[in-house]
Amino acid sequence: MNYVLIIGAKSDIAKAIARKYTKNGYDLFLAARQSSELETFANDLNIRTGRSVQCIELDILSYTLHKEFYNSLEEKPIGVIVVTGYLGNQKTAQSDFDEVKKIVDTNFTGIISLLNIIADDFEKRKSGFIVGISSVAGDRGRKSNYIYGSAKAAFSTYLSGLRNRLYDSNVQVLTVKPGYVKTRMTKGMDLPEILTAQPEEVAEDIYRAQQKENSVIYTKRIWKLIMLIINMIPEWKFKRSNI
Amino acid sequence: MSFLGWGNYPKIAGRVFNFNKVSTLSCIINKYDELIAYGNGRSYGDSALSKNIINTKPHSFFLNFDEVNGLLHIQAGVLLSEILDVFVPRGWFLKITPGTKLITVGGAVASDVHGKNHHIEGCFSESIEMFNLMLPDGKIVKCSKHENVELFMATCGGMGLTGVILDVQISLKKIKSQYINQTTIKTKNLQETFEAFEKYKNTTYSVAWIDCFAKGKNLGRCLLMVGDFSNDGKLDYQTKNKYKVLFNPPSFFLNKLSVKILNWLYYGRVRKTISKQRVDIDTFFYPLDAIDNWNKVYGKKGFIQYQFILPKEVSFKGLGNVLKEISSSGKGSFLAVLKLYGKDNNNYLSFPMEGYSLALDFKIEKGLFELLDKLDGIILKYGGRIYLAKDARVKKEVFEQGYPRIGKFRALRKKYKMSEKFNSLQSRRIEI
């Protein structure tokens, strides 16, 4: 069987990815906190596609349990997709360090703790793929979300290094940088429609890029251009802006 | 937000509540009134329109499938098309399907829909093993032909006015192919049309397209299409790419002349009196689904789909009168669908009865409502009725005379306090 492990499987993007992968013949491990809430969803996928879908308990912040979690998988996955993310509240984080820790640990530290273990295994097996959902917010720090953004920047850098390390071991690492996505995380935000992707679109892009063994993708694709322009703005100008 | 039925008439400004979880639904029902469930928006008129709309589409998990008996348990927001995508390749098909697969299962129950096989296999409710219904007080009751029978009979065809259907268990039927062996019979007049229906009444699926512009000796000429599943074992079902109507064509696009020409071309394209074809599921059952938003061709003002049924013994006479009235009004319809129905069921508001039904599309324009009122008169005279799932304008008196079990329905609504919670523009208009 071909199991793909999805970390942070409760999010709307993760669910869209799960649908896409089962539809294309993959079995799934869905890992999340209170994973029992995913049973109905997993059962739905199983009836629709006939694939095996298992829900497994995982707290990305319980670092000490990560090894045990990975060892407990009855079959080692051929790939892992990390969707875990926490937007947090920038204003709160500026004065409340607990919020900072939660943002950084969820978007970076916790994921690294787990991915280190998985990367070692893939490296040994000389096969596998690792997909990390980072964010365009990590491409340049802005006042509206730079704590979330810096955690994502760190994650992007980690993935870039990992890709470099695992290249010789035939392990593919894909960095995904979504712009706006219409999900529960962005509910209530006033997002410009033309720049906002549906979770299904993101899943589609990820699947295609993973199959083609790409390294970095933006989704929607227009974000590549947008971020290129934003990154070209000189700092003296950027610091005065309200982007 | 503004909401429309499939006929783009009427329009209502409403608030929408997404039905994700059963717990949130009971809070919504507790807090608001004038609620009505809204699925995929394919009811033509105003039966799913209200101030407060419950969007049932997010509630769309497959819950269970019993491979041995073909029993499928799904949440109410699942589309029939999703069921086909999953189960046709495995050799299963819906026992009953209407002429579009783009409706939710909940909607199929609420309209007690029927298809080309009504004369043999009945309404959608025939395929229902059971469903769970949330009542106005938030209580969930299981309804079937054996349990809470009253609620079952009121909810099947009850236009969402008895509560919110949560999940449904239906039985599927085995098929050996995704192809249908179709026979097309070309008739010259209404007499021949009726004879053809009688002749093929043992064929599982049948439907006729009528040229409603034909006059005099040609009145009632049609193309009757009958068929059943092939046995060739080919189950490679895949939904085809869809066409799109990209804009609302100006309202003069469909006028008397252009529709007349379309009818003439459609009828004339079949040369032989009897011809045979092999067609796939989508072509046979869902021809209009191939065009994503075909409802737009009637222009911005929208259209009315007028569907009525007449008891069998008076169908010939009644239909003749209706067709004469339409053809002399000059307001022809391109989509005129005639079908023979089997026995009625016991549900309070199900549309079918043994007889013939005709469905017609009319662009909304001056004089249309007067014409339809006139047609209502003919239909009442012959003891017929109007289909609520398509209706946007029928008068209370006309509706009441057509549905003799309305008293039972109203009494049940009152007893469970449904009339205080669940209402649509339609239920307000015809006071049910």
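Me: Is B:Glu400 buried, exposed or partly exposed?
Reply: B:Glu400 is partly exposed, because 17 other C-beta atoms lie within 10 Å. The cut-offs are 20 or more other C-beta atoms within 10 Å for buried, 12 or fewer for exposed, and partly exposed in between, with C-beta atoms placed from the backbone. Keep in mind that this is a predicted model: local features need pLDDT of at least 70, side-chain atom pairs count only at pLDDT 80 or more, and totals for chains, interfaces and linings use all residues. Residues are numbered from 1 along each chain as its sequence is written, while chains are lettered from A and ligands numbered from 1 in the order in which they are written.

Me: Thanks! Which helix holds B:Glu400?
Reply: Helix 11 of chain B, residues 396-402. Helices (H or I, at least four residues) and strands (E, at least two) are DSSP runs, numbered from the N terminus.

Me: Switching to helix 6 of chain B, which of its residues are buried?
Reply: In helix 6 (residues 190-199), the buried ones are B:Leu190, B:Thr193, B:Phe194, B:Ala196 and B:Phe197. They sit on the same side of helix 6 of chain B, because they cover an arc of only 160 degrees around the axis. That arc is taken from the directions from the helix axis to the C-beta atoms.

Me: And what is on the face turned away from the buried side?
Reply: There you find the exposed residues B:Glu198 and B:Lys199.

Me: What covers the buried residues of helix 6?
Reply: The cover includes helix 9 (312-329) and strands 12 (179-186), 13 (205-210), 14 (222-229) and 17 (336-341) of chain B. Contact here is C-beta atoms, placed from the backbone, within 7 Å.

Me: OK, domains. How is chain B divided?
Reply: Into domain 1 (2-54), domain 2 (57-175) and domain 3 (179-402). These bounds come from an automatic or database domain assignment.

Me: How many residues of domain 1 are in contact with domain 3?
Reply: In chain B, 11 residues of domain 1 are in contact with 12 residues of domain 3. The domain 1 side has four nonpolar, six polar and one charged. Ala, Val, Leu, Ile, Met, Phe, Trp, Tyr, Cys and Pro count as nonpolar, Asp, Glu, Lys and Arg as charged, and the others, Gly among them, as polar.

Me: Last one: how many residues of chain A are in contact with chain B?
Reply: Five, and they are in contact with four residues of chain B.

Methods: Contact = placed C-beta atoms within 7 Å.
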